[in-house]
Amino acid sequence: MDSFIQQLINGITLGGIYALIALGYTMVYGVIQLINFAHGEFFATGGYVGVICLSFFTGLGYMETHPIFCLTASFALAMMYCAYLAIGVEKIAYKPLRKESRLAALLSALGVSIFLSNGLMLTQGVYDKAYPSELFQNGFNVGIITISYLQILIVCLTAVLLVALNLLVFKTKIGMAMRATAQDKTMSALVAIGSNRIISLTFAIGAGLAAAAGIMVGLYYGSVRYDMGFLPGIKAFSAAVLGGIGNITGAMLGGLIIGMVEIFGAGYISGEYKDVFAFIILIGVLYFKPTGIMGENIDDTRV
Amino acid sequence: MSKKSLSIVVMSLLVIPFIISTASAKTLKIGSMSPLTGPYASDGTDIKNGVLTAIEVFEQQEGPIPGYDKIELFPQDTVCDPRQAVAAANKLINLEVVGVIGAYCSSSTIPASETLNEAKIVMITPASTNEQVTDRGLPYMFRMCGRDDDQAPAAARFIKESLNAKTIFIIDDKTTYSQGLADGVSKNAKAIGLNVVNHDHVNQGDKDFSAVLTKVKAANPDILYMSLQGYSPAALMTIQAKRMGITSQIVTQDAVFQPKYMEVAKDTSEGVYLTYGFTDPTTPEYKAFEAKYVPKYGKIAAYATYAYDSTIALLKAIKAAGSTDADKIKAELMKLDFKGASKHVKFKENGDSGSSYIAFKVEKGEFVPYWDPATGLIKK
């Protein structure tokens, strides 16, 4: 039982990270029906900007005196950097192809993904970059269950970001504009919603969330490397499909399910098949409900 | 003179300088194969750097090889993928290289060596420790590093005799190398009366090991044996194990012998043991290697030293053979008997050059020789 709860905590932590990345896929798909395969690379870039900022702060000695400030600043910088990177990528690689077939944009996305990950390799090197912070490395024990402060930080931050995103999409004017664009670009243009601006914003938000996930992964696992975006990218994409691509709540749910299944599969059946279990669930759900758990829908919950 | 014959003369005049220049400036081509991209890019880059250093040192110490002006390296990327490795081997065959240093992963070396042997090209692996690399009886396959069936008993004996452990939990990541070694350790440990409580697997490229480590914590073994390909997953697993409060001693193996391991795992790597071939860092040969390598590429890592020795051996043999014929080079390789940077190089009939596994301990961010199977504790 103790180890069940421990595995549950592990699963929530991993699932939260997948959920944050999955949101980017699902939001972009919702607005322009494009699977942005370069999304995993925004996640990796976020992790790298984080390690650069935190190393810089540690070098100055601020990390000792103002840890909270340094973390906040690193998160803000990484999220902003990735947001602008995503806007740039969209303008260069996707916008000119918006009128072409969807396949063209998809290939362009794959190209951007390879370009960004190799760019990271060439500029940052092939070696792992270690996160400087030993902060939150400790934890506390409840019985034999160990919870690290980092796990708490990750779960809390993920929850805050998810709630903030929900508020943004469903309670603000910008969110309404996003939902309108997702439903009908021409119609929303008629009521004076600039679709280009909304699409940029969607990319920016998705990439910002991925960047936050990147730093959290870096802090949690202690290091980042240039190819870190690939596997979580694939998992998060599966999570988005599982939850129903285009649906925000679905992406969150999908991320949590994939994370949980992976951890429990590895914990109770066998570690070598954990990815298999995640995909069995995916295939099972898609077999009975091809639109995913929450379903890709046309009503106003889609972004 | 007709227009046609004029053009022929002009053409031949244009071509002649090329023929002459290739005749006078002949390049000795050698190839290297290692993962330069993908998850093992760092280890593969170390190998390439070791080879480049060896070429530089060889040209400086022994001068050019008769008949050639310079030695050129054609580094190929295998990505630690069998298919890419075979493609890289074919590319090197087309480039007409004389010898090949590589590959890194045993699962790449094995198929690539079949291709290279068919084309009669000598291959020396600096890093593939799986037994099958030399046990298939390929005539042109050589190995500079040790063998896993030497490493596994050394590790099992170390765990029993020096660490006085009774129970072991083994984790591998299912590569030819890591799984072969893990099976070997498991078999040897059982044979000398240790209790292997569990043998679990993770996937290549995993970052999250919390599930399997929770199992380790519940089992609470004396030893956690990590058989992982490369320092990067090993560092991640060490950090997560310590954070989770696992108190088992961690023992790991040669692929983790990389200064980057301590850089990433930091304090959590203190007190971790690993088995690796013994290299004396005080010999003049090692110093010569160090003097060239460190300023250019930084700290010397896992297989750079073996890659260096492999290249020196290959170049020595080519020079002595005075030919690019694989059989003549092989004959010279077998005659070699010299002090390398990593060890004394003397190839055996099957292409191996012997193992010298000892246990190292991580102390203050350095790998310190700790225990020798022959003599016991090196330092208290």
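# Exercises on a predicted two-chain model

A:Cys82 counts as buried, at 0% relative accessibility (buried is under 20% relative accessible area, exposed over 50%, partly exposed in between, with a 1.4 Å probe and protein chains only). This is a predicted model, where local features need pLDDT of at least 70, side-chain atom pairs count only at pLDDT 80 or more, and totals for chains, interfaces and linings use all residues. Residues are numbered from 1 along each chain as its sequence is written, chains are lettered from A and ligands numbered from 1 in the order in which they are written, and side-chain values use heavy atoms, without hydrogens and water.

**Exercise 1.** Find which cysteines form the disulfide, and state what it ties together.

*Solution.* 
- Step 1. Apply the cut-off: a disulfide is a pair of cysteine sulfur atoms within 2.5 Å.
- Step 2. Count over all chains: there is one disulfide.
- Step 3. Name the pair: the sulfur atoms of B:Cys80 and B:Cys105 lie 1.9 Å apart. The angle about the S-S bond is -115 degrees, a left-handed link.
- Step 4. B:Cys80 sits in the loop between β2 and α3 (82-94) of chain B, and B:Cys105 in the loop between β3 (99-102) and α4 (106-118) of chain B, so the link ties parts 25 residues apart in sequence. Helices (H or I, at least four residues) and strands (E, at least two) are DSSP runs, numbered from the N terminus.
- Step 5. Check burial: B:Cys80 is buried at 10% relative accessibility, and B:Cys105 is buried at 0%.

**Exercise 2.** Work out the strand order of the open sheet in chain B, and which strands stand at the edges.

*Solution.* 
- Step 1. Recall the pairing rule: two strands pair if DSSP finds at least two bridges between them.
- Step 2. Read the order of the five strands: β2-β1-β3-β4-β5 (chain B), with parallel pairing.
- Step 3. Find the edges. β2 (70-77) and β5 (141-143) of chain B each have a single partner strand, so one side of each lacks a neighbour in the sheet.
- Step 4. Inspect one pair. Strand β4 (residues 122-125) of chain B runs parallel to β5(B), joined by three bridges. B:Ile124 stands opposite B:Phe142 in β5(B).
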